[in-house]
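Biologist: I'd like to learn how to read a model like this one. Could we go through it feature by feature?

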Amino acid sequence: MFKPHTEISQLEPTAIWQFFDQICAIAHPSKHEEALAKFIVEWATNKGLDVRRDPTGNVFIKKSATSGMEDRRTVVLQAHIDMVPQKNDDTDHDFTCDPIKPYVDGEWVTATGTTLGADNGIGMASCLAVLAADDIPHGPLEVLLTVDEEAGMTGAFGLKKGWLDADILLNTDSEQEGEIYMGCAGGVDASLKLAVERQPCADMRVFEISLKGLKGGHSGVDIHTGRANANKLLARFLQHHVTDVNWHLIDIKGGSLRNAIPREAYAKIALSASELTAFESQLNNFEALLKTELASIETNICLNIKEDCSQLAPMSEASQSQLLALLNACPNGVIRMSDDIEGVVETSLNVGVIKTSDEHVEILCLVRSLIDSGREDVTGSLRSLASLAGANIELSGAYPGWKPDPDSQILHIFRDVYEGIYGKKPDIMVIHAGLECGLFKEPYPNMDMISFGPTIKFPHSPDEKVNIASVGLYWQQMKAILANIPHK
C-alpha cells in the first residue's frame, strides 16, 4: 500500500499500523497539519471516494455501504489530524517538517525524544483503514477528520450543519482500551498578563536557573496523578526558598502548551558573584526537598544554575514581588472531584505556560470542568487573583462539555458487542479531557455518540506510548461495532 518508513509498519494489525507509519512520516503538529490533510485527500480521491473539505479545513470522506448493509443507520468515524508537539530538551526536532521516529519498545510503540502522535494518529489510521478495506461489513459510512484539536478545537468549532448525514458518531480519541466514554469535560483558556517595571542593577552577573526532568503529561487525564508542575515549583523556590541573598528576577518562562503539564521551567536572575555559593546551596537544598517530597512520582528532578546573559534589566522589587505572589497564589491541579462519578476529576486548572517580554509576563492556563458552574467558579477565582495582582485577564476558546446520556443506543450496543467478544463488560466512563463531542452537539444535537480507543500512556509528553496489543483489540471492536449498527 505505502512504502514502509519504520519497523512499526510490520506490526499487526497491519491495516492500522501501515497507515500510522505513513502518518508519522508527515509533519502534522497543530496549526501545521495541511501537508497530512492534503495527503489524505489525495489518497481518498485516488480510491474513488467522495472527499470534501469545509472552510475550516476539516476533511470529510464518504464510503457507500457494503453489500447487504445498505439499510443500516449512517455512521461517522471521527478523529483529529493534528498532534501535540513536545520534545525533550536535548532532542533536535522541528515538528513543522521533521518526521516522527517511532520504534517498538517491548509491548509498546513510542518515539525518539518526542511525542508519538498516537493521540489521535492511531484513531485517524483506523478511520482510513476502514475506508481502505474491502472485507469489513458496514453500513453507509462517513469519516470526519478535524483540524487543530489540540490547540483550540478550531475544526470542531467550525463544523456546520449539513456537512454530515450520519446520526451516530464514533469518536476515536480515547486512551484506555476497555473503557467507553460517554461524556467529557469542557474548558476555557485563561491568559493573565502582568505589566512589569525594570530597573538596572550594578555589579551583578546574570545566571539562569533551570528545573528539568519532570514527567509532564496531559493536563486532563494526568492531572490527578500528582505529577509536578515545573512552573509552580520554580515560582515556589524563588518566593519561599531563597533567603538572605540579594538577587533580582529578569525573566521567567516554562511550559510550551496550555494543555500539557509543564516539564521544564527557567528563570534568569541578576546576582552578585560573591553570593553565588549561598544561592547554589539553597537551590541544592530545594532539589533535595523535592526529591523527598515527590519521590514516588518524580524521579528525575534536576535543578541547575549557570552563568548566562540578558539584554533586559532586572524587574523592580515591587514587580518581582507582585509576579511571584501571583504565580504562587494561582491554583493548579485538581480543584474538585466529581460527586456523581467515582474517581473522576470534576474541575481542574493547569498553569501551562509562562512567557516574559520586555514589559509583561503572561501566564497561560487551561481550566477544565464537567460542569459549567465548576468552570465559572475557577475563572472567578482567577479574575479575583488578577484584580488583586493588578493583572489583566482574558478568557477565550470556551468549549462545552459532553453531557453523559445513559440511554444512548450506541453505548448499549457497544457494551453488548464488547461483552460478546471478551466475556466481560467494558467500563463506561466520563473523561476529564476535552473531546470534540461536546462541540459536535451544537450543529448536530441528536447525534448519538461514544468515544473509544487503544491504550495510550503519557500523551502530550515525549514519554507518549501506545500499547501494541491494545491496538489489535481496538481494531476488533471497531469492526464488530460497524457490523452491528442498527437498521434505519
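Modeller: Let's begin with contact, which means heavy atoms within 4.5 Å. Helices (H or I, at least four residues) and strands (E, at least two) are DSSP runs, numbered from the N terminus. This is a predicted model, so local features need pLDDT of at least 70 and side-chain atom pairs count only at pLDDT 80 or more, while totals for chains, interfaces and linings use all residues. Residues are numbered from 1 along each chain as its sequence is written, and side-chain values use heavy atoms, with hydrogens and water left out.

Biologist: What covers the buried residues of helix 7?

Modeller: The cover includes strand 9 (186-195), helix 5, strand 12 (247-254), strand 17 (345-356), strand 18 (360-369) and helix 8 (372-389). Buried means under 20% relative accessible area, exposed over 50%, and partly exposed in between (1.4 Å probe, protein chains only).

Biologist: Which residues are buried in helix 7?

Modeller: S319, Q320, L323, L324, L326 and L327. They cover an arc of only 160° around the axis, so they sit on the same side of helix 7. The arc is taken from the directions from the helix axis to the C-beta atoms. On the other side of helix 7, E317 and A318 are exposed.

Biologist: And how do I read the span of a helix?

Modeller: The expected span is 1.5 Å times one less than the number of residues. Helix 7 (residues 317-329) has 13 residues and should span 18 Å, which agrees with its end C-alpha atoms being 18 Å apart. Helix 11 (residues 468-483), with 16 residues, reaches 24 Å from first C-alpha to last, close to the expected 22 Å.

Biologist: What caps the N-terminal end of helix 11?

Modeller: N467 does, with a side-chain oxygen 3.3 Å from the backbone nitrogen of A469. A polar contact is a pair of N or O atoms within 3.5 Å; within protein, one must be able to donate a hydrogen and the other to accept it, and residues adjacent in sequence count only if both atoms are side-chain atoms. You can see the adjacent case in T299, whose side chain makes a polar contact with the side chain of N300 (3.5 Å). T299 lies in the loop between helix 6 and strand 15 (302-307), and is exposed, with a relative accessible area of 55%.

Biologist: Now the rings. How many aromatic pairs does the count come to?

Modeller: Rings of Phe, Tyr and Trp (its six-membered ring) pair if their centres lie within 6.5 Å; planes under 30 degrees apart count as stacked, over 60 as edge-to-face and the rest as tilted. The count here is 9 aromatic pairs. Take F19 and W43: their ring centres are 5.3 Å apart and their planes at 90°, so this pair is edge-to-face. F19 lies in helix 1 (residues 14-24) and W43 in helix 2 (residues 34-46), so the pair ties together parts 24 residues apart in sequence. F19 is buried at 2% relative accessibility, and W43 at 11%.

Biologist: Where do I find a tilted pair?

Modeller: Look at F237 and F286, 5.3 Å centre to centre with 40° between the planes. F237 is in helix 5 (residues 230-240) and F286 in helix 6 (residues 276-293), 49 residues apart. Together with W247 and F279, F237 and F286 form one aromatic cluster.

Biologist: What about a charge over a ring?

Modeller: That needs NZ of Lys or CZ of Arg within 6 Å of the ring centre and within 35 degrees of the ring normal. The charged end of R52 sits over the ring of F60, 5.4 Å from its centre. K253 has its charged end over the ring of Y266, 5.6 Å from the centre.
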